[in-house]
Amino acid sequence: MNFALPALPYAYDALEPYVDATTMNIHHTKHHQTYVSNINKVLDGPHGSALKGLSLAAIQANIPSLPESIRTPVINSGGGHYNHAMFWTLMAKPGSANVTPMGSVKAKIDGDFGSFDQMKTQFNAAAAARFGSGWAWLSVGSDGKLFISSTANQENPLMKGVVAQSGTPILGLDVWEHAYYLKYQNRRPEYIAAFWNVVNWDQVAVNYDSATAGNTAVFDTPVA
Amino acid sequence: MRAHHDAHFASYVSKLNAALPALPAPPVRDDHALKRLLRRLPHVQPPALRAQIRNNGGGYLNHKHFFSCMTPGGAPLPPQSALAQRIHSQFGSFHTFETLFLDAARTLFGSGFVWLVRDAQQLRIVQYANQDNPALHGTVPVLACDCWEHAWYYQYGPNKAAYFAEWWKLIDWPAVCRYYEGKA
């Protein structure tokens with residue numbers, strides 16, 4: 001079974017004025033679609049059987065055990081599909097979801113960072129400092145503590161053996177230029193600051209609960 | 001072009017200027033000194049400064065080279081030039097070279113530049129990530145293609161193949177020849 005592009009949970013203009021409709025449209029229908037098409041090409045290709053039966057999340061965690069010739073395409077396109085499929089669910093139309101942490105994820109953030117503001121300061125710094133293309137993440141580590149990291153290109157913290165610090169991401173921000181260029185040009189810090197207006201903390205809370213139970217972030221990965 | 005030059009390029013220049021005073025003497029005052037610095041980057045002190053020099057020194061040199069390889073309407077490659085002859089002997093034909101170069105540009109993943117470099121006596125088409133400059137690798141830059149999304153996103157959206165094809169027509173080949181011959 002091949003992967004299909006998941007539908008966006010909201011209209012393309014739902015995140016205005018923080019993320020513009022044109023960017024959301026191109027980001028979803030072109031960039032994310034390309035990652036889906038390309039991971040499917042790997043599935044259909046010579047070593048595709050190595051991925052057979054693996055969920056998208058399991059693929060992220062098993063990169064080093066894959067045949068060497070498909071590792072880079074899987075990191076790039078399998079990572080790209082995972083990251084974007086998760087990303088859309090982390091955002092919501094302002095007013096339609098909790099825009100600040102609550103419940104157990106709030107308590108965890110306060111415990112591990114001191115406060116939501118302190119967590120945001122660290123996250124913003126990681127997102128701004130990632131040179132070139134990549135993502136910033138809030139993840140649950142193997143020690144059960146939350147940590148912030150950034151990854152290059154389409155890597156993510158699930159990729160043990162690939163990234164410096166592995167863990168289970170519960171919140172992420174795309175800092176590839178295509179994610180913000182049309183509206184923000186090179187003003188990445190402005191885009192990062194705007195992101196907090198659209199974060200769907202109800203979903204992040206679900207991801208946190210799932211991660212502490214030993215699973216990964218919760219989102220659909222439809223098949224074709 | 002305006003955002004690329006006035007915002008991105010300018011930002012690399014100012015960040016590089018902010019980082020250089022923290023280096024021990026002698027001061028880096030020109031592009032040659034900067035390239036020598038990049039060549040010995042693993043030995044630059046303090047270590048905390050290396051990423052800043054690599055990224056902003058590279059960003060400055062790369063954009064300077066990139067902009068200097070273009071001219072309105074482009075300018076053709078003189079057939080008798082040393083570069084034309086080298087391309088023919090190494091790649092078989094200009095068309096083959098063009099195909100290989102544009103394939104490298106299209107397939108570069110993430111941010112980076114595609115370069116034609118001189119490496120000893122050979123021409124090589126290379127992809128360097130982010131703002132890594134050929135000086136880091138001891139290769140001589142000949143032609144630079146900025147493949148970062150900011151170089152084309154505004155006009156071409158996700159259609160980078162169209163950008164690369166149009167960019168190819170803007171190349172100032174006599175300028176590229178001067179880089180190949182070590183005259184620039």
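Biologist: I will start with one residue. Is B:H150 buried or exposed?

Modeller: Buried, at 4% relative accessibility. The cut-off for that word is under 20% relative accessible area. Keep in mind that this is a predicted model.

Biologist: Where in the chain does B:H150 sit?

Modeller: In the loop of chain B between β3 and α6 (153–156).

Biologist: Which residues does B:H150 touch, leaving aside its neighbours within four places in sequence?

Modeller: From its own chain, B:H4, B:H8 and B:H63. From chain A, A:E177 and A:Y181.

Biologist: What does UniProt list as "binding site"?

Modeller: The unreviewed entry lists B:H4, B:H63, B:D146 and B:H150. These residues span 147 residues in sequence, yet no two of their C-alpha atoms are more than 12.2 Å apart, so they gather at one spot. Such annotations may be inferred rather than shown by experiment.

Biologist: Take B:D146. Where is its place, and is it buried or exposed?

Modeller: B:D146 belongs to strand β3 of chain B, residues 140–146. Its relative accessible area is 0%, so B:D146 is buried.

Biologist: Which residues are in contact with B:D146, beyond four places in sequence?

Modeller: Among them are B:H4 and B:H63, and also B:F66, B:W152 and B:Y163. With B:H4 there is a polar contact between side chains, at 2.9 Å.

Biologist: Now the wider view. How is chain B divided?

Modeller: Into domain 1 (2–68) and domain 2 (82–180). Their C-alpha centres lie 21 Å apart. Domain 1 of chain B puts 17 residues into the contact, and domain 2 of chain B puts in 24.

Biologist: How is the size of an interface often given?

Modeller: As the accessible area lost when the parts come together. Here, domain 1 of chain B and domain 2 of chain B bury about 1,600 Å² between them. Carbon and sulfur atoms hold 55% of it. On the side of domain 1 of chain B, the residues that lose the most area are B:N62, B:H65 and B:F66, together 39% of what that side buries.

Biologist: How many salt bridges are there between the two domains of chain B?

Modeller: One. B:R54 and B:D132 meet through their side chains in a salt bridge, 2.7 Å from N to O. On the domain 1 side, α3(B) gives the most, with ten residues.

Biologist: What about the interface of chain A and chain B? How much area do they bury?

Modeller: About 1,700 Å² between them, with 64% of it on carbon and sulfur atoms. The contact joins 17 residues of chain A to 16 residues of chain B. A:F131, A:E177 and A:Y181 supply 41% of the area that chain A buries there, more than any other three residues.

Biologist: And how many salt bridges and polar contacts lie between the chains?

Modeller: Zero salt bridges. Six residue pairs are in polar contact. In chain A, α1 (21–44) and α6 (181–184) each supply at least two residues of the touching side. α1(A) gives the most, with four residues.

How values were computed
Residues are numbered from 1 along each chain as its sequence is written. Chains are lettered from A and ligands numbered from 1 in the order in which they are written. This is a predicted model: local features need pLDDT of at least 70, side-chain atom pairs count only at pLDDT 80 or more; totals for chains, interfaces and linings use all residues. Side-chain values use heavy atoms; hydrogens and water are left out. Buried means under 20% relative accessible area, exposed over 50%, partly exposed in between (1.4 Å probe, protein chains only). Contact means heavy atoms within 4.5 Å. A polar contact is a pair of N or O atoms within 3.5 Å; within protein, one must be able to donate a hydrogen and the other to accept it, and residues adjacent in sequence count only if both atoms are side-chain atoms. Domain bounds come from an automatic or database domain assignment. Buried area is the accessible area (1.4 Å probe) that two parts lose on being put together, summed over both. A salt bridge is a side-chain nitrogen of Lys or Arg within 4 Å of a carboxyl oxygen of Asp or Glu.
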